[in-house]
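User: I have not seen this structure before. Can you walk me through it?

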Amino acid sequence: MSERQLVTLTVNGVEHELLVEPRRTLVDALRHDLRLTGTHVGCEHGVCGACTVLVDGLPARACLMFAVQAEGREISTVESLSPDGRLNDLQQSFVDHHGLQCGFCTPGMLMLAEGLLAERPAAGREEIREVVAANLCRCTGYQSIVDAVEACARARCPQEERS
Amino acid sequence: MKPAPFDYRRARSVADALGLLAELGGEAKVIAGGQSLMPMMAFRLARPSHLVDIGGLGELRGLWVDDDGLHIGALTTHHQVETCTDPAVLAGWPVLPASMSWIGHLPIRTLGTVGGSVAHGDALAEWCLLTTLLDAVLVAEGADGRREIPVADFFLGFFTTALLPDELLVEVRFPAPAPHAALTEYAERHGDYAIVSAAVSLDLVDGSLRGGRIALGGVADAPVRVPEAEALLTAGTTHPDELGGVFAAAADAAAAAVDPGDDQHGSADYRRSLVRTLVQRAGVQASVAARAVDDDRPAAVPAGARRRP
Amino acid sequence: MPQGADTDQPDAGHRAPSFGSTGRYVGAAVPRREDPRLVTGRGRFLDDIAVPGMLHAQFVRSTIAHARLLEVDLTAVRALPGVVAAYSAADLALGDITALLDRPLEEFVPTPMPVLSGAPQADGSLGKVRFVGEPLAIVVAADPYLVEDALELARVRYEALPAITSAEGAMAQGAALVHDEAPGNVLVDVSMFATEGIDEVFSDAHTVVEVRSSTGRQNALPLETRGALAEWDERAGQLVLDTCTQVPHQVRTVTAGCLGLAERQVRVRVPDMGGGFGIKCVVGREEIAVAAAAQRLRRPVKWIEDRKDALTASFLAREQQYVARAAFDREGHVLALDADVVCDMGAYSCYPFTAAIEPLMASGEMPSVYRVPAYRVRGRSITSNKAPTAPYRGVSRPQYVMVMERLMERAARVLDLDPVEVRRRNVITTFPYTGVNHITYDPGSYLESLDLAEQTVRDEGWYDVQAAARAEGRFVGIGYSCFSERTGYGSGAFAKRRMKVVPGFDISEIRMDLSGTVTVTTGTQSHGQGHETTMAQIVADKLKLDVADVRVEQGDTDRVLYGWGSFASRSAVIGGSAVGAAAGKLEVKLRELAAHLLGTRPEVLELRDGGVRPIPHAGDGVPPEGLSFTQLADVAYLKSHLLAKETDPGLSAVASFDVAGDGTFSNATHACVVELDPGTGGTRILRYVCVEDCGVAINPPIVEGQARGGIAQGIAGALFEQVSYDANGEPSCASFLDYKVPTAWETPDVLIKHLETPCLFTETGAKGAGEGGTIGAPAAVLNAVNDALRPTGVELDDTPIRPEVVHRSLQVTRSAAHGSAA
């Protein structure tokens, strides 16, 4: 074991002080120290994307960042999407389009899609598919996930606002 | 799959980072975006005793063009390059933003850095191929100041570079514009490391092809140039039919010149075939991009919208 | 006759319920009640659970595929500060996990699987390790990082033996034996059918075609890995084991057996599950070891399998080889089928299914949807030094369907007939149909699905696309697969296979509470399929309740009477019928109670609008409002003195369901259009069409989700995924970089068309829907690739289809192909 370090994490707008080993990954800190268990762990080597969160507004793998590296950065997890318990439009779209089965990949997919739509609100279906390809889902065959993200994108950015 | 223990030091400046590297010795490793290092640590294939985190060094982040070419700070993320809107970058080096979509996936590109990728020295990494293709200069800083390393002297072999243990890669510089270039690769699955990758840059002057460069990944321990094939990149016109023949000949020459190995991802013969296919395709894409530039139309392969193979 | 349904919109989200409506909820797109918690991150998966004082476990595993164990030294492990315990097999002395068949040794050799390998044997040795990743010791520490540091300190000494890494190697003369009890490394050798005179049929036939096919070893790969959290509950006198399993009661039985406890002393609970696909329908060794550690330490112990272990040391699947011949007459009618099936089941039999599950499935059902008059089959399982296998989604059917569909295509090619037409001439069209394999097939839409699939491909213009592409020298192919899938195997079907542990029935308990709402238990176990929703739909219809007033309870061996869990597409068929039957019993109870209180006969009452009301025009003077459920519950629980003498207080009922006979067959035809890239050998799917018939769809979007997800896994097996081993038995896929799960980029959108031939004996008319997609896809993809390769004359019969192999095949010129075919 190596010496623990004090780190301040800003997660979903709230600052937390944590004493962690440097080797503790961000996702383990989120899940097991802050008990934000919505973010999942699927591979711990950056491929499956179940742990995808937003770091400074951009999607990133929480298993490929040490908690100590996250100091000073703004972390958003799936828990940020419905602070009052009501589903946001993207979450509702996943429900409406049967964009999940077991739900294990879903928080990562949601944060990936939020990151995409924030940056490219007018993204088309193929562009969405290309980004969804960043994360693995074993249940749905992806079609309903792409449907869900696409429908949400269209609602957020109507046709006339698309370039 | 938890990393072995290490001590963590956060660098406050380049000088601080160099001081830490000198203090901690060869067991220390620099971490930037960590997108290559962390998976290796998760499998405990890498187990540095110390990590020096340079992620906070804002001065190493950004792209700018001046008389010496295009400078990319080592901590610039792939995503920053991909979304770069600087007209000087887009006019001189459109291949760089266009190639970013080949690097892993969006959530990897948001944290992964240009300098980290080059310093990691993976023969299949896109930045290693692009720096090789475009005769980049790698700027390293050590206790004695900065030194510039031509890319030809930088990649020494399997995950091995000319960077010294107490040096920091601070900048990647592309001295000359390369408006007519393209990178393409083949992997079985989207976002994977390529089995073979190929990049081509064309020198087009007054409507004729006066030479060019070809770089390949996946055929040796480090990215390679293929002078035998580059020598064939001449043509009196930029007509697609004639260029197609030129690229086919260059592709054959490239395939003949390389001596790839066998592994579970592909036999030597298959890799040679992929070299032939990809050099030809990269050549065509580079020339299409060239015509698009000439016609003042958008490039054929926009960033973030990779075409299906 | 099946009824067509207009539900082929790929966007399932905003669709009104459109087919199969047998009630208010069954047949409707009822939103899944699982979803709100799962999309907000409030699900509760195993690793989300934390209890005070919890310790973390991982396993010291074999690094050698086949070896005699000389020593497992944990001294340094135990000395590391923070390590709480490290137990070897000798320390725990647990029973083995032994799966048995009721068959003689010539047909089946049992292979007891120790919880931890390395227990001292009678001769004083420590026995053997049989695959890389085999657990040798469990290490428990205060921290999940530290426990991995501790694993590195274990000192294990081996005496290496030659590794068996292929079926050929296993059966070779003088091959090393994985289990000394299994000569020739054969665990199962069953010749189930041999029609008299079949050799003459072959020798007299107009045409005989042969297919030699192999399929790669796959990982079912739920995104959530396996795991367990065990704690000894002093107050209950129970070991409480939280684990992500498809079969909680079977885990209880094995855990109790290995630990020497009575069943009442073990409680297995299942949290939300991140997929299973069959890999979690067998009992693993690790969860037992975790339970044993928790029992000893009297502290909660958690184990979460990491991805490296999930890829290498978990249960795998699918690796089979076929040599199959089929005889045809001049018109393309199949006359006989002869198949030799060899399955590489790895190091041990899995519990409860055994290493026989794959060859028995293939042997029993290979004739598929075709009228095969004569049939001979030999099915074998061999053991090898690879991770053991579990019954992954489809179980042998993806492989034998692929082989059958290759035989059909090859016959068509030889006879110069259209491949769809050859199928058309052979599919079963009159039902019930009893096949040469002694199975009776209930009504299905085999021909109709085939016709509709072909018509769809034709109408969409893909044959024109293909013709145009061929004219340009491009390689576009169209492939089909037509198949059926037995769903909901009852105890009769499993007994026929002569399993010692015979799954089949399901039993449900239903309780109405004072609020007039109900809780129903099911012994099936959702691992992503939405049973909390579909089971509630069935009960709500039966009791005329709002679906929100039905709670479904599953995954707790203390609360659920008994259950066989979820596998083999049994949940809707058997579990759904059991909850329906329990609700039916409660309905009778409610009517009897109301009749007693209203002074009338139950026959004139019906359930309506949350109560028991008189049937209009039959209610002979009964007050029209009847009695609400809350009024009835009030009497049943709080005023039991008002009940009839013979009536028990309370409102609950128990009912079970089993499948009589051979069960029910879902069916489908898949069509796939591909284009091959001659430059890389890559296969791109241009179009995928699925015409499926699973009877009444209880919840259509869920059924479509099962089909699409299944197809994605089938395509994965056809084109991408393979666990390979080197000559030393070292697995080459320890990461997701090497085990290539397809992404959204490789997975096509799927057009689904529905036919509906209701099942005649299930509660809802539903047939199973869980596996069909996976079963049909490999054949459709492989046939499409072969159709694309047609100008070259090359035919491929193995999966996964490697780009390198396609690339090489495309180098074959048309003239060369003609030369070799002559």
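This is a predicted model: local features need pLDDT of at least 70, side-chain atom pairs count only at pLDDT 80 or more; totals for chains, interfaces and linings use all residues.

User: OK, which domains is chain A divided into?

Analyst: Chain A has domain 1, residues 5-80, and domain 2, residues 89-158.

User: How many Å separate their centres?

Analyst: Taken over C-alpha atoms, the centres of domain 1 and domain 2 of chain A are 21 Å apart.

User: And how many residues are in contact there?

Analyst: On the domain 1 side of chain A there are 19 residues, in contact with 14 residues of domain 2 of chain A.

User: What area do the two domains bury between them?

Analyst: Domain 1 and domain 2 of chain A bury about 1,200 Å² between them, with 65% of it on carbon and sulfur atoms. Of the area that domain 1 of chain A buries against domain 2 of chain A, 36% comes from A:His40, A:Thr52 and A:Val78, more than from any other three residues.

User: How many salt bridges across that interface?

Analyst: The rule finds 0 salt bridges between domain 1 and domain 2 of chain A. For polar contact, it finds 6 residue pairs across this interface, both residues at pLDDT 80 or more.

User: Which strands are on the domain 1 side?

Analyst: Strand S3 (52-55) and strand S4 (58-61) of chain A each give at least two residues to the side of domain 1 that touches domain 2 of chain A. The residues of that side of domain 1 of chain A are 9 nonpolar, 9 polar and 1 charged.

User: Switching topic. How many residues of chain C are in contact with chain A?

Analyst: 56 residues of chain C are in contact with 52 residues of chain A. The two chains, C and A, bury about 4,500 Å² between them, and carbon and sulfur atoms give 56% of that. C:Val39, C:Tyr145 and C:Leu223 supply 18% of the area that chain C buries against chain A, more than any other three residues.

User: What about salt bridges between those chains?

Analyst: There are 6 salt bridges between chain C and chain A. One of them joins the side chains of C:Asp749 and A:Arg129, at 2.6 Å from N to O. The count of residue pairs in polar contact between chain C and chain A is 25, both residues at pLDDT 80 or more.

User: Which helix gives the most to the chain C side?

Analyst: H19(C), with 9 residues on the side of chain C that touches chain A. The residues of that side of chain C divide into 26 nonpolar, 16 polar and 14 charged.

How values were computed. Residues are numbered from 1 along each chain as its sequence is written. Chains are lettered from A and ligands numbered from 1 in the order in which they are written. Side-chain values use heavy atoms; hydrogens and water are left out. Domain bounds come from an automatic or database domain assignment. Contact means heavy atoms within 4.5 Å. Buried area is the accessible area (1.4 Å probe) that two parts lose on being put together, summed over both. A salt bridge is a side-chain nitrogen of Lys or Arg within 4 Å of a carboxyl oxygen of Asp or Glu. A polar contact is a pair of N or O atoms within 3.5 Å; within protein, one must be able to donate a hydrogen and the other to accept it, and residues adjacent in sequence count only if both atoms are side-chain atoms. Helices (H or I, at least four residues) and strands (E, at least two) are DSSP runs, numbered from the N terminus. Ala, Val, Leu, Ile, Met, Phe, Trp, Tyr, Cys and Pro count as nonpolar, Asp, Glu, Lys and Arg as charged, and the others, Gly among them, as polar.
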